[in-house]
Structures are given as structure tokens and as C-alpha cells.
Amino acid sequence: MPWDSVPWFTEGGAEHSSEVARLLAYSAFGGAEGIVGAGDLQVRALSSPAAAIRVTTGACAILNRAPGASYQAYAGRMPTSDQVSIAATGVSARSDLIIARIENPYAAGEPWANPSNPKVGPYIYTRVISNVPKTTTSVRQVRPNDSAITLARIDIPANTSSITQAMIKDLREMGRPRRDRRLYTASPSGDENWGGNGGSWVKWPPSARWSVEVPSWATKARIVMNVAGTQVLNGGIWCASAWQLGSSIQGQSVQIDTGASDRSERIHMISADTRALPSSYRGTVQELSALIWLESSEPGVLQADVATTAIADVEWVEDPYEDET
């Protein structure tokens, strides 16, 4: 029979195969693998550094890479943190890879030994792959056929037995990260002039301010701010443009220099940056503003008017984050 004869879900006491159940998990994860929540399965040094690391609680999706498997995934969860020993180094430095791996001996072609209790396994472990190249970023580079995801790499100096956080490189990826992109626009209803203040950042133009809702899951903000059609009057200017989110996050500035001029001209002030969001911003409403830095010693004046449009392109991003400790 070409079909797996019992699809999910069939009544009447039908016996459903593990392959069909894993197909359901694969479909639920969209064929992706990785951690489920942005803070899941972090590899952390112990509070008192020792020859071990701690993996925090969380959940993950892991693709089934057993021979002949297709459209199958495992769903794993770790409700309590896991402490794993790390061997000391000798006269040479060493890099170890920390992974989460499925060890299912009942999948055809897998090399794992049967567990002592088939009912409880375990069938999923935190494993250490020792002595990998320092450039390793994925378990696929060293064990491509393992049903596993990468959590971190530990770069351990020579003659070291205690692991510190500085040695741990986070390599987690999210299975299905969320994204949300919004476009905000504003145009002045009249003239909004600014003639400089000796080189301090100010929120300008006043119309380029929006109250934006930060998603509770967002860990980064990618923002492009464009104040298009700004008029330069009475001479040249020396200035820069940027943006500010809330009270503490400012994007990369872009320099503007029109040179000496006594004529009026229109310019576009643009800035773009990706910035991490502190946990205190998530799930809150913050003010997003255009910023301007204009040297007051220059003769030119900036004017935003009815021919000016401020455009803020905001994308909220969910990426793995580490505890802010």
C-alpha cells in the first residue's frame, strides 16, 4: 500500500504511526527547527563558575534526520534547567559545541542504544561535542546527520577548568520568529523651522512623532526614518539626522552637508538602524521621533512645511535573546 494507511486522526481504535504524528509536528512548525521562545534554552555559566554550564528551561523543534525520514519533526521541552559538565583543558585551548539532540533508537538507521525504560526514555539530551573547530557555528558542520539543534559554542582557554560567560557564544536560532512591520507617516500643517542649537540632538520636526506599540515578543527594532522634502533656507547647513525610540534608544545618525549656499533647496534626511529592545520596552507604548542635530554656527535654517513628509518604517523582530544579567 503506497499510503501510510492511518491518517491523523482516524476513529475506531485505529493505530497511528509515529511518522504521521511527527508529520503533524513538522506541519505545526512550518518545517522549521530551533527554539520556540526567544529566551529558551540559553547556555549560561554557573553563578559560581565551575567545570559545568547550565541550560535554561524552554522548548524546541528538531527535524528528524534519520535515514529515509521526510516531513517529520520532534517537539521537545525542558521544564527544569539542565546542568552539564565540561571537561577541563590542558596545554591547548579547545572549543566545545553544546547541542540538543534526539536519540531515538526505534527510528530506522539510527545508532542509539535502547533506553532502560522505553516508556520514559529519555530520548532527548543536552550533549557536548568536544574539540570542534573554533569557527563552528552549527552542528550540521560536524555531525550533519544528527537530529539536533545548536545551542552554543564554548571557547575554552588552555589550562582552564572553570567556564565563564565570556567563553560562551550563543548560537541559538528560532524555529518560527515573528515579524511585524508598520509604516507611519506625517506631514506638517504649516512651517516648522529650526535654526540650530550649537550641536545638540532635538526632536524635529514636531510633526514627526508617533506613539508606537511595541509587541510583547519583540527583541529588536529595525527602523528607517526619512524626513523627505525638508527645505534649507538662507545658506548652507552642517547637520545630522537620526531617530529616537522611547527615552533611551537612538538610531545611527547620517551626516548632511549642503556646502556654502545662499539659495533654497530641498533635501531628504534619512537614518536607519537595528537596535536591541530592553525587556522594559516590550508590551508597552513608546514615542518614536525624528531627531536632528544642526550646528548653529552655520547660516542655513531647516524648514519642514506642507511639502515635507516624515516616513517611519518600523519592523519589530523576534530573535533569540540572553538574560539581561
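**Close-up views of the predicted model**

At a relative accessibility of 56%, Y71 counts as exposed; the word means over 50% relative accessible area, while buried means under 20% and partly exposed lies in between (1.4 Å probe, protein chains only). Residues are numbered from 1 along each chain as its sequence is written, and this is a predicted model, in which local features need pLDDT of at least 70 and side-chain atom pairs count only at pLDDT 80 or more. Totals for chains, interfaces and linings use all residues, and side-chain values use heavy atoms, with hydrogens and water left out.

**Figure 1. Y71 and L41 both have a positive phi.**
Let us stay with Y71 for a moment. Its phi is near 55°, a positive value in a residue other than glycine, and Y71 sits in the loop between β4 and β5. Strands such as these are DSSP runs of E with at least two residues, while helices are H or I runs of at least four, numbered from the N terminus. L41 is not a glycine either, and its phi is positive at about 55°. You will find L41 in the loop between β1 and β2 (43-50). L41 is buried, with a relative accessible area of 5%.

**Figure 2. Strands β1, β4 and β5 make an open sheet.**
The order across this sheet is β1-β4-β5, and the pairing is antiparallel; strands count as paired if DSSP finds at least two bridges between them. β1 (34-35) and β5 (73-78) are the edge strands, each with a single partner strand, so one side of each has no neighbour in the sheet. Strand β4 (residues 58-63) is joined to β5 by six bridges. To follow one of them, look for I62, whose bridge partner in β5 is Y74.

**Figure 3. The largest nonpolar core holds 34 residues.**
Such a core is a set of buried Ala, Val, Leu, Ile, Met, Phe, Trp, Tyr and Cys residues joined through side-chain atoms within 4.5 Å. In soluble globular proteins, nonpolar side chains tend to be buried together. Here, the residues with the most contacts inside the core are W210, L245, L277, L288, L302 and W316. Several strands give at least two residues each, among them β11 (179-186), β14 (209-213), β16 (238-245) and β20 (285-294). The largest share, five residues, comes from β15. A second, separate core has 27 residues, including V55, M78, I149 and I154.

**Figure 4. L302 has neighbours from several parts of the chain.**
Residues that L302 touches include W194, W204, V232, I267, M269 and I292, leaving aside those up to four places away in sequence; a contact means heavy atoms within 4.5 Å. V232 also stands opposite L302 in β21.

**Figure 5. Strand β15 is largely enclosed.**
Eleven of its 14 residues are buried, so the rest of the structure largely encloses β15. Its antiparallel pairing with β19 runs over eleven bridges, with N226 opposite I270. Nine bridges join β15 to β22, again antiparallel, and here V224 faces D313.

**Figure 6. One cavity of 30 Å³ or more is present.**
A cavity is a set of points, on a 1 Å grid over the protein atoms alone, where a 1.4 Å probe fits but cannot get out, and its lining residues have an atom within 4 Å of a point. Grid points are joined across faces, edges and corners, and a volume is the space filled by probe spheres set on the points. The largest cavity has a volume of about 30 Å³. Its lining includes W204, M225, S241, M269, A290 and L291. The elements giving two or more residues to this lining are β15, β16, β19 and β20, and the largest share, three residues, comes from β19.

**Figure 7. Two cis peptide bonds can be seen at W8-F9 and W204-P205.**
Between W8 and F9, omega is about 5°, and F9 belongs to the segment before α1 (18-28). From W204 to P205, omega is near 0°. P205 lies in the loop between β13 (201-203) and β14.

Key: 1 Å grid on protein atoms, 1.4 Å probe; cavity = no way out; pocket = protein on both sides within 12 Å on 5 of 7 lines; lining within 4 Å.
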